[in-house]
Amino acid sequence: MEWRLSPATSNLAKQRKFKLAPNDSPRIALLLYRKHVITNQRYIQDLITYFESEGLLPIPVFINGVEAHTIVRDWLTSQHEIEGVSHGTIVRDSTYKPNEATCVDAIVSTIGFPLVGGPAGSMEAGRNVDVAAALLESMDVPYVVASPLLLQSIPMWQSNGVLGLQSVVLYSLPELDGAIDTVVLGGLVGDKIALVPERVRKVCSRLRGWVNLRKTPPAERKISVMLYGFPPNVGAVGTAALLDVPNSLEQLLKRLHEEGYNVGDFATDPDAS
């Protein structure tokens with residue numbers, strides 16, 4: 001980080017007409033495949049360039065895939081985690097060294113799979129979810145999966161969507177860990193991996209939104225709660241097999257009110273419509 005934030009780097013970027021994000025921009029950890037560097041996959045350079053040009057400060061971390069959780073545990077931290085450890089409200093492993101770790105505003109995995117073990121980890125859903133959840137909860141920053149498809153060409157993806165195993169890797173397994181968003185960035189073009197610029201701009205926009213939302217007071221945040229209501233017009237709103245939806249909604253609104261969100265008249269009259 002010292003090199004990236006140095007005046008020498010800024011001057012070099014100006015000489016080469018390379019647009020850098022301001023030094024106070026949101027810092028985004030990018031978990032990237034090391035093997036794609038070794039095989040000269042151009043998309044990694046393109047992705048970093050896009051992030052800089054969109055006003056996000058990328059922190060690339062090149063891994064084999066299996067050690068993603070150790071990177072998050074030992075080499076990344078957040079302001080929330082630093083303050084929590086300092087005040088004694090968060091207890092971290094002995095490997096945690098805040099003075100050596102990089103403070104980030106969000107984490108983006110371009111790998112998918114479970115955070116613990118990666119491609120070599122268990123495909124059994126949720127097997128290590130407690131470990132991953134504890135790490136992400138301690139940091140309390142957005143965890144997003146944004147990756148080019150490694151098993152589909154761009155035309156195939158555009159015509160058929162994300163297929164089979166690729167959807168498990170990008171959507172299902174990361175979501176169990178706590179990933180809150182997934183964006184496909186591109187796919188195969190021959191034997192090379194290519195990005196679709198519009199998709200990269202999309203993930204950058206969403207990251208800015210997530211980071212800004214964290215800085216917005218709860219009372220000013222806007223939340224939509226959607227309830228199941230099918231078939232329509234037959235009194236099916238809020239129904240679900242073996243679930244008490246109305247009571248769950250009431251508990252949710254109470255929790256939101258306790259945490260400072262504006263829940264309207266419900267705050268003073270639970271029977272308010």
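Author: Gladly, and let me start with a term that the sheet calls for: two strands pair if DSSP finds at least two bridges between them. Please keep in mind that this is a predicted model.

Reader: Fine, so what is the strand order in the open sheet of 6 strands?

Author: The order is 2-1-5-6-7-8, and the pairing in this open sheet is mixed. Strand 2 (57-63) and strand 8 (192-195) are the edge strands, each of them pairing on one side only. On average, neighbouring strands of this sheet are turned by 25° against each other, if direction is ignored.

Reader: How many bridges hold strand 1 and strand 2 together, and in which sense do they pair?

Author: Strand 1, residues 27-33, pairs with strand 2 in the parallel sense over 7 bridges, and Arg27 stands opposite Leu57 in strand 2. Strand 1 also pairs with strand 5 in the parallel sense, over 4 bridges, with Ala106 in strand 5 as the bridge partner of Ile28.

Reader: And what joins strand 5 to strand 6?

Author: Those two run parallel and are joined by 3 bridges; the bridge partner of Ser109 in strand 6 is Val145.

Reader: Are the faces of strand 5 buried or exposed?

Author: Both faces of strand 5 (residues 106-109) are covered, with Ala106 and Val108 buried on one side and Ile107 and Ser109 buried on the other.

Reader: Which strands does helix 4 lie across?

Author: Helix 4, residues 43-53, lies across strand 1, strand 2, strand 6 (143-153), strand 7 (181-189) and strand 8, and its direction is at about 170° to strand 1.

Reader: Changing topic, where does Asp74 sit, and why does it count as buried?

Author: Asp74 belongs to helix 5, which spans residues 68-74. It counts as buried because its relative accessible area is 14%, and buried means under 20%.

Reader: What does the side chain of Asp74 make a polar contact with?

Author: Its partner is the side chain of Thr95, at 2.6 Å. If neighbours within four places in sequence are left aside, Asp74 is in contact with Thr95 and Ala101.

Reader: One last item: what caps the N-terminal end of helix 11?

Author: Asp244 does, with a side-chain oxygen lying 3.2 Å from the backbone nitrogen of Asn247. Helix 11 itself (residues 245-258) has 14 residues and reaches 20 Å from its first C-alpha to its last, close to the 20 Å expected. Just after helix 11, Gly260 takes a positive phi of about 95°.

Definitions and conventions:
Residues are numbered from 1 along each chain as its sequence is written. This is a predicted model: local features need pLDDT of at least 70, side-chain atom pairs count only at pLDDT 80 or more; totals for chains, interfaces and linings use all residues. Side-chain values use heavy atoms; hydrogens and water are left out. The expected span of a helix is 1.5 Å times one less than its number of residues. A polar contact is a pair of N or O atoms within 3.5 Å; within protein, one must be able to donate a hydrogen and the other to accept it, and residues adjacent in sequence count only if both atoms are side-chain atoms. Axes are lines fitted to C-alpha atoms, for helices over the stretch in contact, and angles run from 0 to 180 degrees between N-to-C directions. Contact means heavy atoms within 4.5 Å. Buried means under 20% relative accessible area, exposed over 50%, partly exposed in between (1.4 Å probe, protein chains only).
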